[in-house]
Amino acid sequence: MQLIWFRQDLRIADHTALWHATQAGPTIAVVFISPEQSILHHDAPVKNIFYLRQLESLKTQLETLNIPLIIQEVALWKDIPHALNQLCLALKIQCIHANVEIGVNELQRDFQVQKISEKNHIPLELYHDRTLFPVGSILNKSNLPYQVFGAFKKQCYEHLSISLPQCYPAIQTQQILNIDLSSYQTVIHFEQHYPDDAMTSLQQLWPVSEQYAFNLLDRFIHNDLAHYNTQRDFPNLNATSQLSPYLNIGVISIRQCLHAIFSTQQGHFHIDNSGQQTWLDELLWREFYQHILFHFPEISKDQPFKSNTNQLQWRQSEEDLMAWQQGQTGIPIVDAGMRQLLHTGWMHNRVRMIVAMFLSKNLLIDWRLGEAWFMQHLIDGDLAANNGGWQWCASTGTDAVPYFRIFNPVSQSQKFDANGDYIRKWVPELAHLDVKRIHDPFINHPNDSSLHYPKPIVDLKHSRIRAIQAFKSISSI
Ligand SMILES: Cc1cc2nc3c(=O)[nH]c(=O)nc-3n(C[C@H](O)[C@H](O)[C@H](O)COP(=O)(O)OP(=O)(O)OC[C@H]3O[C@@H](n4cnc5c(N)ncnc54)[C@H](O)[C@@H]3O)c2cc1C
């Protein structure tokens with residue numbers, strides 16, 4: 001009997017470990033839910049519920065293949081090796097199959113499982129699945145990991161031009177297994193995990209199922225891909241794929257996304273337009289940050305990539321931090337983004353950059369506080385991408401933005417939300433303002449007390465200079 005252990009890969013299509021398990025023989029599936037571990041990882045409730053809902057969907061999908069799914073609850077990952085071992089012995093499992101996960105705790109968990117299972121001669125087979133190229137395989141001429149996206153991307157393009165990583169064939173339905181697994185299940189009352197109405201309506205924004213994710217991809221490829229390069233930066237246009245929550249828990253695979261780009265070219269790697277090129281580059285940014293996390297695990301332990309930035313004197317201001325978190329900074333585009341996050345569990349990429357730079361530069365508040373807040377609220381919270389994004393904006397990361405190039409949030413707003421429609425949607429108290437005033441409501445009306453909106457908590461010009469001085473004062477950045 002084979003065991004497929006699902007983790008952040010809740011799908012049946014193009015699933016490396018599932019394919020290998022079913023090729024090896026009759027298969028049973030298992031998932032461990034670890035609520036306390038999830039708290040330690042700052043996982044957002046919206047993300048946890050999304051995961052559980054997709055798990056229900058996966059269970060149904062597996063039933064069509066006659067693969068039973070056992071769901072067990074253990075408090076922490078350190079409890080998994082023992083629980084898994086018991087299960088394997090009871091079910092006479094010959095081999096455990098799973099896809100590699102690259103976080104420090106994930107690797108440690110799998111190492112512990114491997115130690116126990118080897119003793120019992122039940123190997124844990126791990127497969128690369130989350131990235132296009134196995135982590136550790138994209139190295140420079142000196143056999144060292146790339147630290148700059150441009151060079152990393154170039155090598156990825158070289159690999160892709162030789163051959164595209166192929167998707168796995170569909171899984172065949174297996175014979176029904178006559179085993180009663182009820183005693184191995186933790187009964188999960190899914191509905192208990194959907195705490196309140198607000199959370200339920202939030203979930204309606206993010207339907208689950210592989211078919212839904214696939215349709216989303218298909219719609220994006222046919223309607224938006226060709227204009228992606230020109231429209232992706234405008235938060236009001238919804239011109240990006242919004243696939244990040246689905247990619248993050250593996251409802252869709254990165255290979256499926258890659259092949260969709262070239263679907264009109266019989267799957268040949270041939271860039272026809274800038275939309276294709278730009279979207280592929282974004283998939284490669286995801287790839288880059290996954291590889292960075294693998295090679296430089298210290299970044300997941302609150303360490304900046306550039307260690308000298310540890311010397312930065314961050315400001316401590318609970319009040320400013322709270323204003324930022326709640327979307328009450330008095331800078332409309334920042335508040336719109338932060339409120340979009342609170343209301344939907346997601347934020348547009350351009351606005352993520354604006355709010356992250358505002359926190360780490362204008363407010364000079366430690367980027368790690370922003371990183372944690374994002375993780376606690378994002379439905380697509382992913383350690384590698386979130387950390388990479390934050391360190392890029394805070395100028396502490398791999399090929400981060402130079403510290404003196406600080407976005408002016410008002411100019412960004414005028415450029416990327418010119419009509420103010422995104423602001424109107426998320427900051428309704430400013431909806432009546434005209435396009436000139438909406439980006440900076442108090443600039444020519446400093447004493448207007450009729451607006452039910454806070455005045456800016458920081459002066460953009462002075463705070464920019466303060467940030468540049470703070471960065472200049474630390475040794476060679
Ligand atoms: C401060 C900050 C924090 C971020 N935190 C996360 C996070 O926790 N999880 C996450 O998935 N992305 C994160 N991103 C990257 C990016 O904002 C989101 O991936 C993107 O907004 C998701 O929307 P989409 O699916 O419509 O993307 P699309 O534009 O359609 O891109 C397709 C896919 O490519 C990947 N991708 C796109 N841009 C990036 C990028 N810059 N870095 C890494 N991957 C990318 C995502 O998987 C995305 O779904 C962060 C960016 C910043 C600046």
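Which residue just after α13 takes a positive phi?

Mentor: That residue is Gly327, with a positive phi of about 70°. Keep in mind that this is a predicted model, where local features need pLDDT of at least 70, side-chain atom pairs count only at pLDDT 80 or more, and totals for chains, interfaces and linings use all residues. Residues are numbered from 1 along each chain as its sequence is written, and side-chain values use heavy atoms, without hydrogens or water.

Now step back into the helix itself. α13 covers residues 318–326 (helices are DSSP runs of H or I, at least four residues, and strands of E, at least two, numbered from the N terminus). Along α13, Asp320, Leu321, Ala323, Trp324 and Gln325 are buried, meaning under 20% relative accessible area with a 1.4 Å probe, protein chains only. Their packing partners are α14 (332–344), α15 (349–362), α16 (367–377) and α17 (383–393), with contact meaning heavy atoms within 4.5 Å.

For another helix, turn to α5 (residues 104–119), which holds Ser117. Ser117 has a relative accessible area of 4%, so this residue counts as buried. A polar atom of its side chain lies 3.3 Å from the backbone oxygen of Gln114. Leaving out residues up to four places away in sequence, Ser117 touches Ile96, Ile122 and Leu124.

As for annotation, an unreviewed UniProt entry lists residues 1–132 as "domain: Photolyase/cryptochrome alpha/beta". In the model, that stretch is 48% helix and 20% strand, and its end C-alpha atoms are 29 Å apart.

Note on methods:
Buried < 20%, exposed > 50% of the residue type's maximum accessible area, 1.4 Å probe, protein only. UniProt positions renumbered as here; feature names shortened; annotations may be inferred. Polar contact = N/O pair within 3.5 Å; in protein donor to acceptor, adjacent residues only side chain to side chain.
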